[in-house]
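Please look at the sequence and the model below with the aromatic side chains in mind. How do their rings pair, and where do charged groups meet them?

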Amino acid sequence: MSDTTPFAFDARLGRRALLRNSLLALGAGAVLAACGDREGSTDPGRIGVAAPLPTLPATGEVTDATWLRTLQSLEHSMIALYAGLATHGGLPAKATGLAAPFQAAHVAAAETLAGLVADAGGADFACANPFFADRYVNPVIEALDDTDDRERDAAQIAYSFEDWAARSYQAVAARTWSDPALRAPLIGLAAEASRRAGGLALTLSPDTLVSPVLTGGQPGADNGFPVIYAIPFRFGQISPIELRYGKPNDDGAYRTVSLQTPADNALVYDSISC
Amino acid sequence: MTTPAQAVTPDSDAQSAAEAVALELAARDLYDTAIEAGADAPIWATLREQHESYAQRLAGIVGVSANTPDADLLAGLSESFAVTNPGEAAVELENSLVAGHTGRLAAIAGGTSTGDALASAFASIVTAEARQATVVALLSGVTDAAALYVNPSSEAGA
């Protein structure tokens, strides 16, 4: 009987062979990988099954006309907002008389923008902005059907949206334009929206003229709803507005929406039509 | 040692901003005149502070001193402000500033850091001053919507 059994002999040789062959295999694999085809999906990996991610519409080039079409759609969104308020009881009693002139102002602004769009070589977009309609206007109007305080919500909605319009125009007017002269009519529309916000504020809440923010304090709140001030800030703002509305859920929380100035996801690109 | 390149601000932008600083300082002084004459409603002190802040913001952007008010504006409106309720004169002042700054904003070419900062500053000042004009007009008893919500001093409507 030999000291080296076939099993032990095969095992000793097998270990060496395995090590050698493994190194060869790894080396060959590395060479093949380095020289191989690198094409393939560039999508980031995803785990699980989910709906495809939303995509932006075909953007094309963002021009002066793109921004003007977006602002035209913003005005039509405001017109839709006032129409929605009208079918849900209108503005609060203190401000009922402002509905007609404010609605007319938005119609006039939309016509002004239609002219600017045409002058800039853009296609007319005389309808509400789809992004703003789905996320801002429609939800707050629909919530008026089931709110715990219609007057409060109508006041907060009208004031917040006029302020949002002012902020939107202010932000857009300050951007770099191919034709800088466009800033004049756009800041004019910002100023008019800001005037309406100030007028609404003073009419709705005549006892809260100046925000404590201007003297280093904190703005007031009533059950979590922001107090409306006629003069709320030192400078015109472009930050988002948190609009609270509706009725509280089981946890006592109200619905909120963040009204933001137009950005890439709300632009009315050339590929979008009414 | 090298220093970072500085954005070049066109002389016209700097000159325009310097003029606006002087006008804002004059507005501040006009509200001071009203306060000294007995206008003790908090709104007047608030507006005084607003205009001083606007002057400081613009002066800081272009690097000029905020210490010389516009003499012509002061001379033209001092008498109207030397009362206990300068509402009517204040509306005229705010609307006039809005119209002037609108023109200044439209004249900024942009594309430089200073030009862009000036554009943002003028835009934020115009929206604030327009709102102030309407608030003061309402407090002064104006009820006509056309007078409240459109600027009679501006062709652009600002």
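The model is predicted.

Over all chains, the count of aromatic pairs comes to 11. One of them joins A:Phe132 and A:Tyr136, with ring centres 5.3 Å apart and planes at 20°. Planes under 30 degrees apart count as stacked, so A:Phe132 and A:Tyr136 form a stacked pair. Both residues belong to helix α4 of chain A, which covers residues 130-143. Because A:Phe132 and A:Tyr136 are 4 residues apart in that helix, about one helical turn separates them. A:Phe132 and A:Tyr136 are both buried.

A second pair has another geometry. The ring centres of A:Phe161 and A:Trp164 are 5.6 Å apart and the planes stand at 80°. Planes over 60 degrees apart count as edge-to-face, so that is the class of the pair A:Phe161 and A:Trp164. These two residues lie in helix α5 of chain A (residues 150-173), where a spacing of 3 residues amounts to about one turn. A:Phe161 is buried, as is A:Trp164.

The residues of these two pairs also belong together.

In chain A, A:Arg244 lies over the face of A:Phe225, with 4.8 Å to the ring centre. The other contact involves chains A and B: B:Arg57 places its charged end over the ring of A:Phe235, at 4.0 Å from the centre of that ring.

How values were computed. Residues are numbered from 1 along each chain as its sequence is written. Chains are lettered from A and ligands numbered from 1 in the order in which they are written. This is a predicted model: local features need pLDDT of at least 70, side-chain atom pairs count only at pLDDT 80 or more; totals for chains, interfaces and linings use all residues. Side-chain values use heavy atoms; hydrogens and water are left out. Rings of Phe, Tyr and Trp (its six-membered ring) pair if their centres lie within 6.5 Å; planes under 30 degrees apart count as stacked, over 60 as edge-to-face and the rest as tilted. Buried means under 20% relative accessible area, exposed over 50%, partly exposed in between (1.4 Å probe, protein chains only). A charge sits over a ring if NZ of Lys or CZ of Arg is within 6 Å of the ring centre and within 35 degrees of the ring normal.
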